[in-house]
Amino acid sequence: MIVPASLRRHALPVLIGLLTVLLVAAAFTTPGFFTLGNAQAILTSTIFVGMVAVGMTLIMVSGSFVSLALATTATVSAMIFMALLPWGLLPALLATLLVAAAVGAVQGLVIGGWNANPIIVTIAAAAVMEGLAIALSKGVTINPTGLDYRILNERFFGLPLGVYVLALLVMAVEAAMRLTAFGRMVHLVGDNRNAARAAALPLGTVGIGVFAIAGACSALAGIFMGSFNHSASLLLNRGTLGYDAIAAVLIGGAAIGGGRGTVLRTMLGVIVIAVVTDLVLLRGYTTGTQVLLKGLVMVAFALAVHLRQETRA
Amino acid sequence: MTARSRSATERQRRLRALIPFLVLILVAAIAFSLPLWSGRAMTGFAVFNTFQNAATLGLLALGVGLTVIVGEFDLSSIAIFALGGLLAVRFGETQPLLGVAVAIGAGGLLGALQGGIMAATGISSVPLTLGGFIAIAGLNHIVANEGILAYADYEVGLWLDSPVAGFFSPRSLIVVAVFALVWAAMRYTRLGPEIRATGADRRAARASGVATNGLVTLVFLFAGMCYALGGALFAYSTTAAKYDLGLDPFIFAVTAVLIGGVSVEGGRGTALGILIGVVALSLLDTVFLQLALPTYLVDLARAALLLLVVMIEAPDLARKVSAWRARRASRG
């Protein structure tokens, strides 16, 4: 490490300050930013990224870096949900969540239990899911049966139902991470896997639990994505959902190496990402500029959080 | 370590070194037995195609493999590969070599930048190169102007893909030459042992006098050049460059690297092994092509293969299997 101690200590606060100043300046110079409609739009845009980011936080805290399969899980879940709607809304919803949790659990066993490389496993899992989705759907868009699903697009007090579901999800997972033995085990495994193994903690069970929850959270995002688009296909995965979720977790201050991070702080990251996206769109920048900026923000936060950790260590 | 466990480790090491060759023999057996069970045959053109396919993604796999051997993992590789193609097309319209030079320069610069940051800060390559991947992907959108860049000089592509000695082409020979260069450098200079030592245990390597920071930067610089050269050659060959190539080429590269005997834990692997992995996987693709399987099925098979390989490589699975064997032996 050849970075001066002062830079290591101050990198994160300086970066947060810089980003805040930039965002505030951009907000004040962007016509249409300070409107109720735009605030509602920003909150609405947090639904999908937020739900995926909840699962991503658990994965990062557990020491499994990130999953590159969650955006695909959301997309394939949207397809499953649409295909199962003839069973009725509730059975379709529960079955989709269960399938996604099971797919996540298998990845969790391989990553958490066997210590396989999480990046490679999740990239391969995403490709397998996509392949199976094309095989089963024959590559066509899946349209919903009936209109029951539209309740998921309802608005209450100006905000879509998804925002309230996201808020409940965040509170439930945050409480589980703080108050249950499972939450403590996730932190311990992420902090030091070898020590956790020596303490006979069930690494496989923790991995399965974390990835199953992440799978279910992504499925929930997929269910809302499918309902919002009134159909589902792999084209839903064309955006930057998974990367936005990772960026949000990093901006929220979670340690990429595991052991540190909270779902509540991740939600701050989700809001920052939503505001950046909104500003870029309002200012008429291209997709390329938007993606480039997100990548740079992600690199800067990953570096700053890493340097802060090095200072503490 | 006892003599018994030492010999077991040595046996395991030799077996691992044989894996790429065994996989290649297995895939070749499948390929050349096609007429016996499918009514289709491996023609000379199919073999040529295999080497062309290997040439397309070979340098991507070589770069990724080198970063894995040095104990890191470069997620930005596929974005730099795409950028190489875009820059070659953009700057090589009248002078193809200038396009290649700009591409290689940019790839090397981006690689060195990421490697240098890793060396200076000690940050893990995963978040850094993931952010790098996203940022470079955005840059690719901008360079391509949100579209596909067409390359007007068809002659360059025709020359690059013209048959040489029946099975090869200038493009595949360039790729083989780069592999040979890396193989020789790792075999006959201190680079090979130092890269492996750094990948196996960075702290121990540093204590032994290896300049690990410079080495990581150098490996990422060279890997970036490899990705960009591969992308440039591919763009000239197809007379077009896209800003987004998806993750399939990356899956191919990582699978080839692991099949080629590179340990995902770092510290183990050779350029020859990676080349064999690339050829084996390309041959498998040719088999799929001969069987006229749909693309999604090929991608599915490749991803399933990667999943299988990474599961076999999982360190704690090996530990569990050893413990189970020991329990069984003690009962017996």
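## Conventions

Lys and Arg count here as positive and Asp and Glu as negative, with His and the chain ends not counted, and the place of a charge is taken as NZ of Lys, CZ of Arg, CG of Asp or CD of Glu. This is a predicted model, in which local features need pLDDT of at least 70 and side-chain atom pairs count only at pLDDT 80 or more, while totals for chains, interfaces and linings use all residues. Residues are numbered from 1 along each chain as its sequence is written, chains are lettered from A and ligands numbered from 1 in the order in which they are written, and side-chain values use heavy atoms, with hydrogens and water left out.

## Chain A as a whole

Chain A contains 12 helices and 2 strands, where helices (H or I, at least four residues) and strands (E, at least two) are DSSP runs numbered from the N terminus. In sequence order the elements of chain A follow the pattern α-α-α-α-α-β-β-α-α-α-α-α-α-α. The radius of gyration of chain A is 20 Å, close to the 20 Å that the globule rule gives for 313 residues, so chain A is as compact as a globular protein of that length; this radius is taken over C-alpha atoms, and the rule is 2.2 Å times the number of residues to the power 0.38. Along its principal axes, the C-alpha trace of chain A spans about 60 × 55 × 35 Å.

Of the 313 residues of chain A, 56% count as buried, a class that means under 20% relative accessible area, as against exposed at over 50% and partly exposed in between (1.4 Å probe, protein chains only). Of the contacts in chain A with a separation of 6 or more, 79% are between residues 24 or more positions apart, contact meaning heavy atoms within 4.5 Å. The accessible surface of chain A comes to about 13000 Å², and 71% of this area belongs to carbon and sulfur atoms; the areas come from the Shrake-Rupley method with a 1.4 Å probe, and for residues only the protein chains shown count as cover. Chain A carries 16 positive and 8 negative side chains, the centres of the two sets lying 8 Å apart.

## Selected residues of chain A

T73(A) has its place in helix 3 (residues 70-84) of chain A, and with a relative accessible area of 4% T73(A) is buried. Leaving aside neighbours within four places in sequence, T73(A) is in contact with A100(A), M129(A), G215(A) and S218(A). L85(A), found in the loop between helix 3 and helix 4 (89-113) of chain A, also counts as buried, at 6% relative accessibility. With neighbours within four places in sequence again left aside, the contacts of L85(A) are A92(A), P144(A), T145(A) and Y149(A). The C-alpha atoms of L85(A) and V170(A), which are 85 residues apart along the chain, are separated by 26 Å.

## Chain B as a whole

The secondary structure of chain B comes to 15 helices and 2 strands. For its 332 residues a compact globule would have a radius of gyration near 20 Å, and the 21 Å of chain B agrees with this. The C-alpha trace of chain B spans about 70 × 55 × 35 Å along its principal axes, and 51% of the 332 residues count as buried.

Among contacts in chain B between residues at least 6 apart in sequence, 79% join residues at least 24 apart. Chain B exposes about 14700 Å², with carbon and sulfur atoms supplying 67% of this area. The 24 positive and 17 negative charges of chain B have mean positions that are 18 Å apart.

Helix 4 (residues 77-91) of chain B has 15 residues, which at 1.5 Å a residue should span 21 Å, and its end C-alpha atoms are 21 Å apart, in agreement; the expected span is 1.5 Å times one less than the number of residues.

In helix 9 (residues 191-200) of chain B, the buried residues are G192(B), E194(B), I195(B), T198(B) and G199(B). What covers them includes helix 3 (44-69), helix 8, helix 10 (202-207) and helix 11 (212-238) of chain B.

## Positive phi in loops

Most residues other than glycine have a negative phi. F157(A), although not a glycine, has a positive phi of about 50°; F157(A) lies in the loop between strand 1 (155-156) and strand 2 (159-160) of chain A and is exposed, with a relative accessible area of 82%. A165(B), likewise not a glycine, has a positive phi of about 55°. A165(B) lies in the loop between helix 7 (154-160) and helix 8 (170-188) of chain B, and is exposed at a relative accessible area of 71%.
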